[in-house]
Amino acid sequence: MSRTSDTPFRSGYVALAGRPNVGKSTLMNALIAEKLAIVSPKPQTTRRRVLGILNGTDYQVILLDTPGWLTPKYLLQKAMTQAVEAALADADLVLMITEAGVPEEADDPVLDLMRTVRQPRLLAINKIDRIEKTLLLPQIDALHQAALFEAVIPISALKKDGLDVLLEQIRIRLPAGEPFYPPDMLSDAPERFFVGELIREQIFHRFQDEIPYATAVHIQTFEENPGRKDLIEAVITVERDSQKAILIGKGGKALKEIGTAGRAAIEAFLERPVFLKLVVRVRKKWRQDRHLLRQFGYT
Ligand SMILES: Nc1nc2c(ncn2[C@@H]2O[C@H](COP(=O)(O)OP(=O)(O)OP(=O)(O)O)[C@@H](O)[C@H]2O)c(=O)[nH]1
Ligand SMILES: [Mg+2]
């Protein structure tokens, strides 16, 4: 790690914020080149702040992926907005993410949130792979007009386009200082958090309507067995018997598919074989239940 005094080591926290589904988690994964945050085509996939560490030769960027900013209708969503606020409070720099071709209204709630932030702000316009460049210019202009951002950077998190420019805009704004985390650390969350998320991701991908939103996954047992596969027992909680029946499927088929795909994703993440056992249970209105929200790690 050779460096001179005119290029000090830089290190800091960068909060990613934006509407649901704009690609915050995809961007975090693309920047750190690891699948840390789960991603789905449905809004409100992320429910907690997820920390990801990116190490360069002369910088450490600590990314804080957050849930999409929304008006909360129930306690889980309230906890999600609080996770955003906490990440913004922790950040040295705030990166708003928006979607190309979906121009913000003047009263956009995320722009309002950005007005409350005292740290430097950057804006990334994501998903530029989906629209003509000429259509992008008016949106970039309008966002410049908001006069909130030190830079507006068009990117595609999916195609990994514009990420070098974005990273450089982040790096130059980080405070000078030593790294916060050792270089081999990717996140601050335990393995069991990621394991639960990978199972939840399967449910977001496979089921429609209320089911993904009514589902929580928590890891009841995580036994590391030297010389044998780890044993992981995950509890999938839903709100109604009818949801439980759908998750399990005819003859247990649907649950078996979640298990098979979930196990493959977990093994890819952990880089070791595991034995995965899934149980489905019903807890009426868990999304409104303080104790269960805490048990599931949302508060
Ligand atoms: N075409 C295109 N799709 C993208 C891009 N980035 C993300 N997506 C897609 O957008 C959808 C949402 O991505 P996520 O990363 O889960 O979005 P998010 O902002 O984290 O969503 P929440 O956690 O629900 O707030 C997924 O289907 C992604 O594949 C991009 O650059 N281009
Ligand atoms: Mg997300």
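Where is Leu186 found? Leu186 sits in the loop between helix 5 (163-171) and helix 6 (191-206). Helices and strands here are DSSP runs, numbered from the N terminus: H or I of at least four residues for helices, E of at least two for strands.

## Basis of the model

This is a predicted model: local features need pLDDT of at least 70, side-chain atom pairs count only at pLDDT 80 or more, and totals for chains, interfaces and linings use all residues. Residues are numbered from 1 along each chain as its sequence is written, while chains are lettered from A and ligands numbered from 1 in the order in which they are written.

Leu186 is partly exposed, with 15 other C-beta atoms within 10 Å. The scale counts other C-beta atoms, placed from the backbone, within 10 Å of a residue's own: 20 or more is buried, 12 or fewer is exposed, and in between is partly exposed.

Leaving aside residues up to four places away in sequence, Leu186 touches Glu34, Leu36, Gly52 and Ile53. Contact requires C-beta atoms, placed from the backbone, within 7 Å. Leu186 and Ile53 are 133 residues apart along the chain, yet their C-alpha atoms are separated by 5.0 Å.

## Two domains

The domain assignment gives domain 1 (10-171) and domain 2 (191-295). These bounds come from an automatic or database domain assignment. The C-alpha centres of the two domains lie 28 Å apart.

In all, 10 residues of domain 1 are in contact with 13 residues of domain 2. The domain 1 side of this contact has five nonpolar, three polar and two charged residues. Nonpolar covers Ala, Val, Leu, Ile, Met, Phe, Trp, Tyr, Cys and Pro; charged covers Asp, Glu, Lys and Arg; the others, Gly among them, count as polar.

Six strands form an open sheet in the order 2-3-1-4-5-6, with mixed pairing. Strands pair if DSSP finds at least two bridges between them. Strand 2 and strand 6 (151-154) are the edges, each pairing on one side only. The twist averages 25° from one strand to the next. Angles run from 0 to 180 degrees between N-to-C directions, with axes fitted to C-alpha atoms, for helices over the stretch in contact.

Strand 5 and strand 6 pair in the parallel sense over four bridges. Leu122 has Ala151 in strand 6 as its bridge partner. Helix 5 packs on the sheet and touches strand 1, strand 3, strand 4, strand 5 and strand 6. The direction of helix 5 makes about 155° with that of strand 6. Helix 1 lies across strand 1 (10-17), strand 2, strand 3 (59-65), strand 4 (93-99) and strand 5. Helix 1 runs at about 160° to strand 3.

Three strands form another open sheet, in the order 7-8-9 and with mixed pairing. Its edges are strand 7 (216-223) and strand 9 (274-282), each pairing on one side only. Neighbouring strands are turned by 20° against each other on average, direction ignored.

Strand 7 and strand 8 (residues 230-238) pair in the antiparallel sense over seven bridges. In strand 8, Ala234 is the bridge partner of Ile219, and Glu233 stands opposite Thr221. The two strands form a hairpin with six residues between them. Gly227 in the turn has a positive phi of about 80°. Helix 7 (residues 241-248) lies across strand 8 and strand 9, at about 155° to strand 9.

## The ligand shell

Which residues are closest to ligand 1? They are Gly23, Ser25, Thr46, Gly68 and Leu158, out of 23 that surround ligand 1. A residue is near a molecule if its C-beta atom, placed from the backbone, lies within 6 Å of it.

Helix 1 (residues 24-32) gives the largest share of the shell, three residues. By class, the shell has eight nonpolar, 11 polar and four charged residues.

Most residues other than glycine have a negative phi. Gln44 has a positive phi of about 65° although it is not a glycine. Gln44 lies in the loop between helix 1 and strand 2 (50-55). Gln44 is partly exposed, with 17 other C-beta atoms within 10 Å.

Lys127 also has a positive phi, near 65°. Lys127 lies in the loop between strand 5 (121-126) and helix 4 (133-145). Is Lys127 buried or exposed? Lys127 is buried, with 22 other C-beta atoms within 10 Å.

Terms used: Two residues are in contact if their C-beta atoms, placed from the backbone, lie within 7 Å.
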